[in-house]
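Subject: Structure for you to look at

Hello,

Please open the structure below and keep it on screen while you read the notes that follow it.

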Amino acid sequence: MAQQELIPHLFRLEYRKIVSVLCRRFGFEQIEIAEDIASDTFATAAQTWGLNGAPANPAAWLYAVAKNKAKNHLQRNTVFETKVAPEVKHKTTELHKYEIDLSPQNITDSQLQMMFAICHPSIPPEAQIGLSLRILCGFGIDEIADAFLTNKETINKRLFRAKEKLREEHVKIEYPTPAEIDRRLENVLTTIYLLFNEGYYSVHKNEVLRKDLCFEAIRLGEMLIGNKTTDKPQVNALLSLMYFQASRFDARISKNGEIVLYDDQDTRLWNYDMITKGGYFLHRSATGGSLSKYHLEASIAYWSTRKEDTTEKWENILQLYNRYLQLEYSPIAALNRTYALAKARGRQEAIIEAEKLKLENNQFYFALLGELYTGIDTSRAKQHFKKAFSLAKTQADKQVLQNKMDML
Amino acid sequence: MEEYALIMRHEDGTRIASPEQMEIWMKMTMDWIGGIAAQNKFVSGTGLLFDDAKVIRHGMVTNGPFGEIKETIGGLIVVKAESVEEAVEFAKGCPVLGGDGNSMEVRRIAKRDETH
């Protein structure tokens, strides 16, 4: 790997590990210091490697430098003696006081515990994603601002407030108790899925960034599965869901950046390796007695990886949406259910059900009605597509609707 | 918005359905509930099994909810509705009504501070 790619690559991979370990050691009180030390370490790397070339084991080099910087900080800083030392859980001998544990086990534990801390219920979801991107995914502030389509100041403020909140609430970097884990995990999974959707559905032009968001979400999911306490059925289900969805990443956007609808996708562009992984984790998720919404969504996503338009497929999707909606309502799930109904039982039945939904401000509602009336009542179809067009927010959506109207 | 219980009443709970018939009913019931849930009007659902059902009366425990009266309750769902008329419309879609003599009962759920 070339020098100019190596450091950003390592930053993405190693920054979070260093921050997590240091922050767990120092506590949230000093998260900024942990972040500074980690950033400093990369600055040192950029200077030194620029002159002498990269070392044979860059990660180990980074750990060693981070460790030294942290030790220096601890030794210099009297705060350690008065504030941190009493907090440090493992009271150790004088000699070990300044040791920083960068063993693989501690790195893994620190990152997972950091994930739980960041996804603490006291912090708003947007800030959770922001902090996750910064601390767990090693994104730069401008990249986060880009992902949220906002500016750096907004993101800086948002992250600052979130960190303040973590301190105020005395959130500890530790595993939740077994009794608490499912509830806390729910928040973690929500954040991971939001992160994924940010990449998958965002209108962002930068495809590399969007893919990165998806893959980071998948990586966080895999991290949870790599750990015994968090390797739960619902985590496997979410991971399965993300793999199934991501398998269509290349097929759903055309070369010109237009959205390619499912029916028009070139299945040769589907990633079958990811579909296989989705299947693997779906299989692994099928244990235990509780059925999460991720189980249902993953099962729906599984059926979507089968292109053939069979009644069996749509009947299954319909039944899955029937159950999903009982767990959690969302307009998009209601619309998808109605689409599945049309495919499984015919449009007449679906039109009756669709008109009961009354989602008057939803462009997709009118797009669905337009779709259902296509070939049955052209003037109504057109009327609905027009209404959808007037509600559409992005150019890509408008284009899709225009094509539909042109084909009537 | 009020909450209503839609109660499924079977005329004869002792009739045994074939597994195939059960599957069809199950699917129809799920479609019915799914349609209500798609309108964001579904609150909760409780199926009541006939197996091992008991009736306690005058200190006597008997098998089955039936005894002399054959009519029994198969389950209930709770929905949100603007009016009892809307709740009745939901109830009309329940597949239980396809069975001979079966009926649906619609009852508004009392709020915490309401007497009933």
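Start with Met242(A), which touches Phe196(A), Ala217(A), Ile218(A) and Gly221(A), leaving aside residues up to four places away in sequence. Here two residues are in contact if their C-beta atoms, placed from the backbone, lie within 7 Å.

Before the rest, some notes on the source. This is a predicted model, in which local features need pLDDT of at least 70 and side-chain atom pairs count only at pLDDT 80 or more, while totals for chains, interfaces and linings use all residues. Residues are numbered from 1 along each chain as its sequence is written, and chains are lettered from A and ligands numbered from 1 in the order in which they are written.

Chain A

The secondary structure of chain A consists of 19 helices and zero strands. Helices (H or I, at least four residues) and strands (E, at least two) are DSSP runs, numbered from the N terminus. Along the principal axes, the C-alpha atoms of chain A fill a box of roughly 80 × 50 × 35 Å. Of its contacts with a separation of 6 or more, 61% are between residues 24 or more positions apart.

Chain A has 408 residues, and 38% of them count as buried. A residue is buried if 20 or more other C-beta atoms lie within 10 Å of its own, exposed if 12 or fewer, and partly exposed in between, with C-beta atoms placed from the backbone.

Chain A is divided into domain 1 (1-102), domain 2 (115-230) and domain 3 (359-408); such bounds come from an automatic or database domain assignment. The C-alpha centres of domains 2 and 3 of chain A lie 35 Å apart.

Not counting residues up to four places away in sequence, Leu213(A) touches Ala147(A), Leu195(A), Glu198(A) and Gly199(A).

The core

The largest nonpolar core has 120 residues, and Met242(A) is among those that touch the most other members, as are Leu22(A) and Val79(B). A nonpolar core is a set of buried Ala, Val, Leu, Ile, Met, Phe, Trp, Tyr and Cys residues joined through C-beta atoms within 7 Å.

Chain B

Four strands of chain B form an open sheet in the order β2-β5-β1-β6, with antiparallel pairing. Two strands pair if DSSP finds at least two bridges between them. β2 and β6 (103-108) of chain B are at the edges with a single partner strand each, so one side of each has no neighbour in the sheet. From one strand to the next, the twist averages 20°.

Strands β1 (residues 2-10) and β5 (residues 72-81) of chain B pair over nine bridges in the antiparallel sense, and Glu2(B) stands opposite Ala81(B) in β5(B). Strands β3 (residues 54-57) and β4 (residues 60-63) of chain B also pair in the antiparallel sense, over four bridges. In their hairpin, which has two residues between the strands, His58(B) takes a positive phi near 50°.

Where the chains meet

12 residues of chain B are in contact with 12 residues of chain A. On the chain B side, α1(B) gives the largest share, seven residues.

Regards

Conventions: Axes fitted to C-alpha atoms, helices over the stretch in contact; angles between N-to-C directions.
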